[in-house]
Amino acid sequence: SAGHLLRFKTADSNCDNKLLRQALSLAIDRQLLVDTLWEGYASVPNGYNYPEFGQYYIEDYPTYEYNVEKAKDLLAQSGYDGAVISYQLIPGYYAMGAEAAEAIVDMWKQVGINAQVEYVEAIKPATITDMANWSNGLRFSDPLGGLWALWGEGTAVQKDLWTAPERFNELGNLIMTEADVAKRNEYYAEMMAIWDDEIPGTILYCPDMIWAVRNGLEWDYAPGKGVNFRADHLRVVG
């Protein structure tokens, strides 16, 4: 599973206010993007939280909210001065990336946020000025394989874009050593809540994974970053 998302530079940028970042997220009509750009071949997740987690998937965690009035209220509280926010992306790098960016910038205009798409040749955390798009694939099908692996302690995100609260990193380390499912899920729910409140990033949608297998082959697809063609996943039949 992979989520297409935005990552923000949370200090020394036009996105350095948490209330503004929350407003940016609330003003995105994700379902409209799924229905129009992706023709339904994508979904809006309930947090950084995927069914591929199995017993660690938290079904009742809230999904992303679209709320224009709440976004306007938070924007007013943030003291946003109308500065133009740069939305960086590499053209053609992510499917529907440019189309989504142009649509999102227009959605933000409806609540009073000025942003513009900036096409660049390359993106690294250290080169992001305000925000950039990103695709977060799971390294493996577990909470540690996504939010912790890509946003946790020692990552480039924490080095260059976001000073994470101490509790966020504490929870990640607790999850690494906890075997009890209920406790692990409790820790992860709190970890997601911190990420959603601090909002160094926000997921837009998760495109569907689509494949075809010819007659005479059976393939048991295993979700994750890799595509597995080992003998226990791929078989010749008939």
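How many bridges join β1 to β6? Four bridges join these two strands, which run antiparallel. The views below come from a predicted model, in which local features need pLDDT of at least 70, side-chain atom pairs count only at pLDDT 80 or more, and totals for chains, interfaces and linings use all residues. Residues are numbered from 1 along each chain as its sequence is written, and side-chain values use heavy atoms, with hydrogens and water left out.

**View 1. Strand β1 and its partners, β5 and β6.** Strand β1 spans residues 2-8; strands (E, at least two residues) and helices (H or I, at least four) are DSSP runs, numbered from the N terminus. Seven bridges connect β1 with β5 (residues 131-137) in an antiparallel arrangement, where two strands pair if DSSP finds at least two bridges between them. F8 has M131 as its bridge partner in β5, while H4 stands opposite Y205 in β6.

View 2. Seven of the seven residues of β1 are buried (buried means under 20% relative accessible area, exposed over 50%, and partly exposed in between, with a 1.4 Å probe and protein chains only).

**View 3. The aromatic pair of W38 and Y205.** The structure holds eleven aromatic pairs. The ring centres of W38 and Y205 are 5.7 Å apart and the planes stand at 65°, so this pair is edge-to-face. Rings of Phe, Tyr and Trp (its six-membered ring) pair if their centres lie within 6.5 Å; planes under 30 degrees apart count as stacked, over 60 as edge-to-face and the rest as tilted. The pair links distant parts of the chain, 167 residues apart: W38 belongs to the loop between α2 (30-36) and β2 (42-43), and Y205 to strand β6. W38 counts as buried because its relative accessibility is 14%; Y205, at 1%, is also buried.

**View 4. The tilted pair of W148 and F168.** The centre-to-centre distance is 6.5 Å, with 40° between the planes. W148 is part of helix α5 (residues 147-151) and F168 of helix α7 (residues 166-177), so the pair ties together parts 20 residues apart in sequence. W148 is buried at 11% relative accessibility, and F168 is buried at 0%.

**View 5. An aromatic cluster and two charges over rings.** Y48, Y50, F53, W134, W151, Y188 and W195 form one aromatic cluster. R7 lies over the face of W134, 4.2 Å from the ring centre. The charged end of R184 is placed over the ring of Y56, at 4.4 Å from its centre. A charge sits over a ring if NZ of Lys or CZ of Arg is within 6 Å of the ring centre and within 35 degrees of the ring normal.

**View 6. The nonpolar surface patch around W211.** M209, W211 and V213 make a patch of about 290 Å². Patches consist of residues with over 30% relative accessible area and no salt bridge, with like charges joined within 9 Å and nonpolar side chains (Val, Leu, Ile, Met, Phe, Trp, Tyr) within 5 Å; a salt bridge is a side-chain nitrogen of Lys or Arg within 4 Å of a carboxyl oxygen of Asp or Glu. Accessible areas come from the Shrake-Rupley method with a 1.4 Å probe, and for residues only the protein chains shown count as cover. W211 lies in the loop between β6 (201-207) and β7 (217-219) and is partly exposed, at 42% relative accessible area.
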